[in-house]
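This note is intended for a colleague who is meeting the structure for the first time. Please read the points below with the sequence and the model at hand.

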Amino acid sequence: MSNGQKYRGMTAFDRRSFLKATATAGLGMAGLGIAGLGMGPARAAAGGLNILNSNVAWSEALTGSVAEAYRAKTGVAVTGDSNSYEAHYEKMLIELSQVSDTFDIFTTDVLWIRQPMNNGWAKPLDDIKAANPSLPKVPYDNLTDASLTYITYKDKRWGLPLVQTTPVFVYRKDLFEKAGIDKVPATWDEYRDAAKKLHSSEVAGCTLLPGGQDAHMSGDWGSRLMSSAKFNPWDDGVFNDDNEPVFNIDRRGEHAIERLKEVLPYCPSGVASFDYPEGSSIMQAGGAAMTVTWSDVIVGIEDGPNKGKFGYTVAPIENVEQAMIGGWSILVNAASKNLEEAYKFLAWMAEGRAYELFREGGESSLCLKSDIARPDITDIVPMLQAFKDFDTRGTRPISVPPYRLTNAVEIQRIIYEEIVASVLGDKTPKAAMQDAEDRVVKAIKG
């Protein structure tokens, strides 16, 4: 059995599906089964808008309180089709590749965003505005600069960000105090030393997430790689502008694997199978003292027995103060028969009230500038402190790998397979990175 086959069975698409575990089965059937049966999802009422949507806090608000507010203001109905993370990606491919006009608008993880753009499935907002200059301007300035990176492509604005995320360093303040750690680790050396000091038979010093494709490749390995050298905001440190692999220049990729391996002894028993759900659960229950993971998947840990004991800040660094910004975006289906109405809806969203409703609906990965600036909002959503610390630490935002590739999910899987093979001891970091480079070059060429 090759390493690719061995690790291919590990979780590929569990980024946020665990947040709605009780809904996943039914919605997954709706998302995939209906298309397979040829029945098709329901269309919006005449004059209304229909959204291909996800099933987390912001997405529930999008077709709930946000839709209600928009209808109250304009009389236009907004409906949506909710899907689990796994089903969402598959359904997006099916609907858009068939040039279906069932959905006027669709939401997308930034990891997938170039696929609809490069394939002509999304309509740039700038093009819709150019066709009718009387349409309102979109107030992009209300949203954080970093969150706008992914919807800006080929000198055009293609949609809006919905949420922004970053790898956040989550730690137990009480356990730090008990262990005599009076400085929050700011480097990976300090993180390793703290993990060793915190580790005990009752509480693991930290946790990793080797069982998840996105969790381990972009979260664990990516967070170690992202500060290894200075990158432009639109760069991801994994591929250059020509989509050539650069992740192991100066052994950066190998060193990121070594960083993972050095804290593996201080992780919980059974960590090899941990994905986002297990990482969140063990932190919530008090089984680990630290983790670095995406801000949108650690939601809920304050609801457990250790509420108020967690601290949040920017991830530790290697050499350069910079961190990835990820998230979700919302785009207009190029095949929609309601392009101008879809544009008006997004323009209204950017005014700000829609994003406030996301927050009021429980979303914590916020990209409305006014939300991040308000101290009272940080009291309600404490992990926003990580974004505030961007200014304190002088952290520069960079992008999520490998978002610029049309087959980003496949490329992420290949790199993940090689990383986890090395972390779990099946090959050396050098061999893993060389195999990853050879495989991704072949996959990109097709």
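The numbered points that follow go from the overall picture to individual elements and residues.

1. Basis of the model. This is a predicted model, in which local features need pLDDT of at least 70 and side-chain atom pairs count only at pLDDT 80 or more, while totals for chains, interfaces and linings use all residues. Residues are numbered from 1 along each chain as its sequence is written, and side-chain values use heavy atoms, with hydrogens and water left out.

2. Overall composition. The protein contains 19 helices and 13 strands; helices (H or I, at least four residues) and strands (E, at least two) are DSSP runs, numbered from the N terminus. Of the 446 residues, 59% are buried, where buried means under 20% relative accessible area, exposed over 50%, and partly exposed in between (1.4 Å probe, protein chains only). Among contacts (heavy atoms within 4.5 Å) between residues at least 6 apart in sequence, 77% join residues at least 24 apart.

3. The open sheet. In the order β9-β8-β10, 3 strands form an open sheet with antiparallel pairing; two strands pair if DSSP finds at least two bridges between them. The edge strands, β9 (290-294) and β10 (310-314), each pair on one side only. On average, neighbouring strands of this sheet are turned by 25 degrees against each other, direction ignored. Strand β8 (residues 167-172) is joined to β9 by 5 bridges, and valine 168 stands opposite threonine 293 in β9.

4. Helices across the sheet. Helix α9 (residues 188-198) lies across β8 and β9 and runs at about 135 degrees to β9. Helix α17 (residues 385-393) lies across β8 and β10, at about 45 degrees to β10. For such values, axes are lines fitted to C-alpha atoms, for helices over the stretch in contact, and angles run from 0 to 180 degrees between N-to-C directions.

5. Packing of α11 and α18. The axes of helix α11 (residues 252-263) and helix α18 (residues 408-423) come within 9 Å and cross at roughly 45 degrees. The two helices are therefore oblique to each other; angles under 35 degrees count as roughly parallel, over 145 as roughly antiparallel, 65 to 115 as roughly perpendicular and the rest as oblique. Ile257, Leu260 and Lys261 in α11 meet Ile419, Ser422 and Val423 in α18. By class, this contact has 4 nonpolar, 1 polar and 1 charged residues (Ala, Val, Leu, Ile, Met, Phe, Trp, Tyr, Cys and Pro count as nonpolar, Asp, Glu, Lys and Arg as charged, and the others, Gly among them, as polar).

6. Serine 422. Not counting residues up to four places away in sequence, serine 422 touches Ile257, Lys261, Lys427, Thr428, Pro429 and Ala432.

7. Backbone features in loops. A cis peptide bond, with omega about -10 degrees, joins proline 401 and proline 402; proline 402 is found in the loop between β13 (396-398) and α18. Lysine 154, in the loop between β5 (152-153) and β6 (156-157), has phi near 55 degrees, a positive value in a residue other than glycine. Its relative accessibility is 58%, so lysine 154 counts as exposed. Aspartate 250 lies in the loop between α10 (213-225) and α11 and has a positive phi near 55 degrees. At 70% relative accessibility, aspartate 250 counts as exposed.
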